[in-house]
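Please open the model in a viewer and keep the sequence alongside it.

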Amino acid sequence: MPEVATAATRHEKYERLIKVATKHPPLATAVAHPCDAVSLESAVEAARMGLLQPILVGPSARMRDVAAKASLDIGAFELVDSQHSHDSAAKAVELVRAGRAEALMKGSLHTDELMGAVVARDTGIRTARRISHCFVMDVPSYPTALIISDAAVNIAPTLKDKVDIVQNAIDLAHALRFPEVRVAILSAMETVNPDVPSTVEAAALCKMADRGQITGGLLDGPLAFDNAIDVEAARIKGIKSEVAGRAQILLVPDLEAGNMLAKNLAYFAKADSAGIVLGARVPVVLTSRADTARARMASCAVAALYANARRQHAPNVAA
């Protein structure tokens, strides 16, 4: 019996995001080592939907074998032959350096292999900005998309790191055309406590935004999770803020907190999570075999919208 869509299961925010992304030309994307059915199917489906123009980088014979066994047609795609997964990552990054690709997409290799090629000193695609990860989460019970950062790259970010992490997230929100960008800097409490470093850093980040060192968003913190996303919880605590209860970006204290938060939303609130890495020359799409097909396409859509915004120099969808 098919599942009936309800308010708790619909993912309308992702559907709108994908719809907007398909209005732009497909994004030339180097797909690193798509050597299993899930990663290859993701590239094929993203191309079919008009989100990406994939360049498949991996052992050619192996990719063709996977395609044949999964009944996937890759005849229209450019194939770049490589010897192994590390070589796939290096050659995918080289396509970006050569100006032939505007995004990277993870295939069936380890994330560390791809990111190692991205950050390589002489052959990578780093910028002056700290590299960070954003989950764009579609929580059916929340009115807007939620961006959570950083839950996958920076383990224990310093205050200096968090400046870039939050700026990356704000830039992404503008690329997704949020009408305004509200950032909650999370901690275990909503008051500054010198014994809890994340509260002190939250206060510093807010002051840095006041002084123009972080731009494009409204920041408030420290905020506990409840008063960041629930208006009534903020009211009960007496918090008067343009962000409290209405946050769209949740800046977490560290990777462990972010990872647990994102997975709690996925499993308890039935949220889907699109994953993207920012701060390099191009966006990097990180998908997982555990992702739903909708989440994988949403990750591609996020990358396409972000790259398009950068291309137009107007990082300011339907989330």
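Which residues lie nearest the centre of the largest pocket? Select H133, F135, K263, S288 and D291, which hold that position among the 37 residues of the lining. The model is a predicted one, in which local features need pLDDT of at least 70 and side-chain atom pairs count only at pLDDT 80 or more, while totals for chains, interfaces and linings use all residues. Residues are numbered from 1 along each chain as its sequence is written, and side-chain values use heavy atoms, with hydrogens and water left out.

A pocket here is an open set of points on a 1 Å grid over the protein atoms alone, where a 1.4 Å probe fits and protein lies on both sides within 12 Å along at least five of seven lines; lining residues have an atom within 4 Å of a point. The largest pocket holds about 970 Å³ of space, a volume being the space filled by probe spheres set on the grid points, which are joined across faces, edges and corners.

Next, colour α5 (111-119), β5 (132-138), α10 (255-268), β10 (272-278) and α11 (293-311), each of which supplies at least two residues of this lining. Helices (H or I, at least four residues) and strands (E, at least two) are DSSP runs, numbered from the N terminus. The largest share, five residues, comes from α10. By class, the lining of the largest pocket comprises 17 nonpolar, eleven polar and nine charged residues; Ala, Val, Leu, Ile, Met, Phe, Trp, Tyr, Cys and Pro count as nonpolar, Asp, Glu, Lys and Arg as charged, and the others, Gly among them, as polar.

Now select the second largest pocket, with a volume of about 230 Å³. Of its 14 lining residues, K106, G107, S108, L109 and R289 are the closest to its centre. Helix α2 (residues 37-48) gives the most to this lining, with three residues. The classes here are two nonpolar, eight polar and four charged residues.

Finally, select the cysteines C35, C134 and C300. The count of disulfides (a pair of cysteine sulfur atoms within 2.5 Å) is zero. The sulfur of C35 is 17 Å from the closest cysteine sulfur, in C300, too far for a bond. For C134, the nearest cysteine sulfur, that of C300, is 16 Å away. C134 is buried, with a relative accessible area of 0%, and C35 is buried at 7%.

Terms used:
Buried means under 20% relative accessible area, exposed over 50%, partly exposed in between (1.4 Å probe, protein chains only).
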